[in-house]
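Please look over the sequence and the structure first, then read on.

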Amino acid sequence: WVAHQQNIMKLKMKEELISSVQAQKSLLMIKAQKLQDSVGEVAALKSEIALKEHQVAQADELREQHEQLARSLAAMQGLEERCAAAQAKLVRLPKLKLRLQHLQ
């Protein structure tokens, strides 16, 4: 009878141990799923970061193009001013020629 009681006790301890291991397994499964979700979130964030970095690179490129255009525009405006000044001198040239002829 005592051996029978000991076997029952051992069986109960084994059942408790199995129950405890199953509970730990469930917790580990939940943690594993959370980690997997986190890995997915990290991948999505990395993708978003890569997209933002690409957009920043494009913005930098556009800014550089804008600055080049602004420099070109300023140079063209300078040329226009020089052309206008040259045209004004050309308008006076025939009058100056006439004066020169009169002086000779």
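How many salt bridges does the count come to? The count comes to two salt bridges, and both are described below. The model is a predicted one. Its protein chain holds one helix and zero strands, and its radius of gyration of 45 Å is well over the 13 Å that the globule rule gives for 104 residues, so the chain is more spread out than a compact globule.

**Overall form**

- The C-alpha trace of the protein chain spans about 150 × 10 × 10 Å along its principal axes.
- Helix 1 comprises residues 2-103.
- Ser 19 has its place in helix 1, and with a relative accessibility of 43% this residue counts as partly exposed.
- Between Ser 19 and His 102 there are 124 Å in space, taken from C-alpha to C-alpha, and the two are 83 residues apart in sequence.

**Surface and burial**

- Of the 104 residues in the protein chain, buried residues make up 0%.
- The protein chain has an accessible surface of about 10,200 Å².
- Carbon and sulfur atoms account for 63% of that accessible surface.

**Charged side chains**

- The protein chain carries 16 positive side chains and 12 negative ones.
- The centres of the positive and negative sets lie 7 Å apart.

**The salt bridge of Asp 60 and Arg 63**

- Asp 60 and Arg 63 meet through their side chains in a salt bridge, with a distance of 2.5 Å from N to O.
- Because Asp 60 and Arg 63 are three residues apart in helix 1, about one helical turn separates them.
- Asp 60 has a relative accessible area of 36%, so this residue is partly exposed.
- Arg 63 also counts as partly exposed, at 44% relative accessibility.

**The salt bridge of Glu 64 and Arg 71**

- Glu 64 forms a salt bridge with Arg 71, and their closest N and O atoms are 3.6 Å apart.
- A distance of 3.6 Å qualifies because a salt bridge requires the nitrogen to be within 4 Å of the carboxyl oxygen.
- Arg 71 is partly exposed, its relative accessible area being 48%.
- Glu 64 is likewise partly exposed, with a relative accessible area of 35%.

Key:
Residues numbered from 1 in each chain as written. Predicted model: local features only at pLDDT ≥ 70, side-chain atom pairs only at ≥ 80, totals over all residues. Heavy atoms only, no water. Helix = DSSP H or I, 4+ residues; strand = E, 2+ residues; numbered from the N terminus. Rg over C-alpha atoms; globule rule 2.2 N^0.38 Å. Buried < 20%, exposed > 50% of the residue type's maximum accessible area, 1.4 Å probe, protein only. Areas by Shrake-Rupley, 256 points an atom, 1.4 Å probe, with all protein chains shown as cover. Lys, Arg positive; Asp, Glu negative; His and termini not counted. Charge placed at Lys NZ, Arg CZ, Asp CG, Glu CD.
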